[in-house]
Amino acid sequence: MDLAFIPSPSVGVVHLGPIPLRGYAFCIIIGVFVGVWLGNKRWVQRGGRSGTVADIAVWAVPFGLVGGRLYHVITTYEPYFGPNGHPLDAFKVWQGGLGIWGAVALGAVGAWIGCRRRGIPLPAYADALAPGLAIGQAIGRWGNWFNQELYGKPTDVPWALKISSDPAIGRIGGTYHPTFLYESLWCLGVAALVIWADKRFRLGHGRAFALYVAAYCTGRAWIEYMRVDEAHHILGLRLNVWTALIVFVLAIAYLVVSAKKAPGREAVVEPGAQLAEGEDEGADDGGEGAKGAESADDADADATTADAAAVKTSPKPASADGTAQAEKSAEPAKSENSETPAKPSEPAKDEPADGKAEPAADAAKPAGSGSTKKS
C-alpha cells in the first residue's frame, strides 16, 4: 500500500456549457503570459521600451506553437501517419504533444521577424526573454499532469505520481516518477541561474539565452532518460537525449565565441527608446512647464516696468561745468492741478534772493532807470 503519492486529476477538461476548458491549454497560456511579463520587465531594465516584448511575442508565440507541434508529430509520427494512424489528430494540440526544441527553434524565427520589423537585435531580445522562457516552461509542464502523460519509471517514493489506468490508450495504472515535476523545478532553477549570472557578469549579445539553453539541456538529458513513454532510440539513447546533447554543445560554443568577439553588453537595445521616454516625460511635465513660463513672463514684465520707472525718475547727467543742477532748478515748477507752470516765489523785500547786498543789485541797474537813490 502506498503511504503517500501525488494524485493526478480525475479529468483534464471542464466544460463550461459548450466550451471546453482544458487544463493543458491553461498551463500553456499562463506560461506565455508570465514569460512575456518577465521579459518585458527585463527589456525595460536594459533600456528598451515597455510593450516591445509583447509586440514581438505576437510573432514568436504562434511560430513557437507550430514549431513545437511539428517537432512532436515528426519525431512521433506513428499515431498520426503510421499504420492505423489518424492524420487529423496532428492538429489536436489540446491533447498534448509540443516539443520544446521545435517551439524554441521556430519561435526564434518568429521573433527574428518581429525584431527586424522594429529594428531590434535578436540576441538582445533573446537575453531579455531567457528567464521568462524557463519559467513559462515550468508552468507549462503542469499541463502534462492534467493529461497524465510523460511520467517516468515506476517508483514508490513519497512524491511518486499516481496514474490511473486507461486500456483505451494502453495506460497502466500505478505510481511513477513525476518527471513533469522534475522538469518544472529544474526550469525554475535555470531561470534563477540566468538571472544571477546576467547580473553578476552582465551577459549580452545572446549569451544569457545561450546559458539558458545549455542549463536546460543538462537537466533535460537526465530527465528524459527516466521517461518510459514510447520514443525513437539512436545507439541506445532516446532521440531527445541526443537532441539535448547536440544543442548543449552548440550553446556552449556560442558562449565561448561570442564572449571573444563581442564582450560586454549592448549599450543600446532599442533605437529611439530613450528619446521617446524623454518626450513622454516632457509631455507629462507640460503643465508645470507652462506655469513656470508664465511666472518667468510675469517676472520679465515686472522688471521691464521697474526699469521704465527708474529711467523716468533718474536725474539728468551733470555736465562738465556743473550746469545740470542749475538747469533743473531753473525749470518752472508745475502745479499739481494745472498744466500752467507755477510762478517762482518772490523773495522778501528786506532779504535779497541770493543773499547778496542790496547795493549790488542797484548797481546793476542802468543809469537813468528812475532810481531815487543817490550814487
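A salt bridge is counted here when a side-chain nitrogen of Lys or Arg lies within 4 Å of a carboxyl oxygen of Asp or Glu. By that rule, the whole structure holds 13 salt bridges. The structure is a predicted model, in which local features need pLDDT of at least 70, side-chain atom pairs count only at pLDDT 80 or more, and totals for chains, interfaces and linings use all residues. Residues are numbered from 1 along each chain as its sequence is written, and side-chain values use heavy atoms, with hydrogens and water left out.

Arg118 belongs to helix H4 (residues 100–118) and Asp55 to helix H2 (residues 52–75), so the pair ties together parts that are 63 residues apart in sequence. Helices are DSSP runs (H or I, at least four residues), numbered from the N terminus. Arg118 is partly exposed, at 33% relative accessibility, and Asp55 is also partly exposed, at 41%; buried means under 20% relative accessible area, exposed over 50%, and partly exposed in between (1.4 Å probe, protein chains only).

Another salt bridge pairs Glu224 with Arg227, whose closest N and O atoms are 3.2 Å apart. Glu224 is buried, with a relative accessible area of 0%, and Arg227 is buried at 10%. Arg238 and Asp229 meet in a salt bridge as well, at 3.3 Å from N to O. Here Arg238 is buried, at 7%, whereas Asp229 is partly exposed, at 24%. Through shared partners, salt bridges join Arg141, Glu183, Arg220, Glu224, Arg227, Asp229 and Arg238 into one network.

Terms used: Helix = DSSP H or I, 4+ residues; strand = E, 2+ residues; numbered from the N terminus.
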